[in-house]
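Hi there,

Here is the structure I promised to pass on. My notes on it follow below.

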Amino acid sequence: MNRRLLECLLAALAVGVLVLVVGLLRPAEYQGRVGLLAEPAAVAPESGSTAQYGEVVSLALPALVELSRSPSVLQSAARGSGYSAVDLAKQVSVELVPASGLARLSVRAGSAEQAGATASAIARSLVDAGLLAPVAKLRVLDERPDVVRVAPDRLLSTGLALAAAVMAGIAMAVVRQLLTARGHETVRKALTAAGTRHPVLTANADDPDLADRLAVLCRASGRQARVVAASPDLVDRAEELSDRLVLLTHPARVLVPVRGDLAEPPMGDAVIALTHRGTGDDLTAAVGVLPASAVLVAVVIA
């Protein structure tokens, strides 16, 4: 497998597993839901109220959202919820169903029992508040709240993990591409400094088709291939490359510059230079002392 592809896959796998583990290790959280319905109230004749039921419900029912988070409503419910009144306000939400007089009260808590009991307690407090009096009143629809587990959400965590894995893989590919472009630019500058003006192939050592590509170049040039290590610590890798080339072209030997001394290749060789990524001084020195008859055909970045 291509090394670059393997790095992208490993990065994607690592990030995906991390996001999945973090998502699944979240504390358990439950949601209790109760329905509240506005309905007409019996109004005493002596009250003198002329307000219409529909007007009162349409104008006053939206205030249920704020009333459900008021300290007066939450104070009694907070005792059995496991939250303070201030924290409980963050766990309460009210959804109004348009043109129906129906509201859905939802409360989140750390256990199913707490979520259900707290939702029922807040619903009773809202009914007792008499928000729609005297024309209408609220009625609790559900004797027993509907309680569901909302966290950790395995499906959501898996989706986030997959998305994070894809983004990590793409980011790694972009970073690798930028590093490759930077390495190629360094090689170009080093060759220019050495006086090389003809086009030279720049390749990465992890390219699985590297030996075949270099063999094609050497055969096209009609010259014997020679591998030059730009620094002594690359000699082993240069020998590996030579072993791969020897089966495809003429036998190659490795040339290593030590203290400025370079074993001069035979005249007319097709030279392949092996250099480090991001450094150009060694490459400039190695290419600069090649005989005029030698032709540099490729630079391989280790």
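Helices here are DSSP runs of H or I with at least four residues, numbered from the N terminus. This is a predicted model, in which local features need pLDDT of at least 70 and side-chain atom pairs count only at pLDDT 80 or more, while totals for chains, interfaces and linings use all residues. Residues are numbered from 1 along each chain as its sequence is written, and side-chain values use heavy atoms, with hydrogens and water left out.

Let me start with helix H7, which covers residues 154-193. After H7 comes glycine 195, with a positive phi near 90°.

Next, serine 68, in the loop between helix H3 (64-67) and helix H4 (71-78). The side chain of serine 68 reaches the backbone oxygen of valine 65 at 2.7 Å. Leaving aside residues up to four places away in sequence, serine 68 touches Val73, Leu74, Val92, Val94, Leu105, Ile122 and Leu126, where touching means heavy atoms within 4.5 Å.

Finally, the meeting of H4 and H6. Val73, Leu74, Ser76 and Ala77 in H4 meet Thr118, Ala121, Ile122, Ser125 and Leu126 in H6. The residues of this contact divide into six nonpolar, three polar and no charged.

Happy to talk it through!

Best wishes

Notes: Helix = DSSP H or I, 4+ residues; strand = E, 2+ residues; numbered from the N terminus. Polar contact = N/O pair within 3.5 Å; in protein donor to acceptor, adjacent residues only side chain to side chain. Nonpolar A, V, L, I, M, F, W, Y, C, P; charged D, E, K, R; others polar. Expected span 1.5 Å × (residues − 1).
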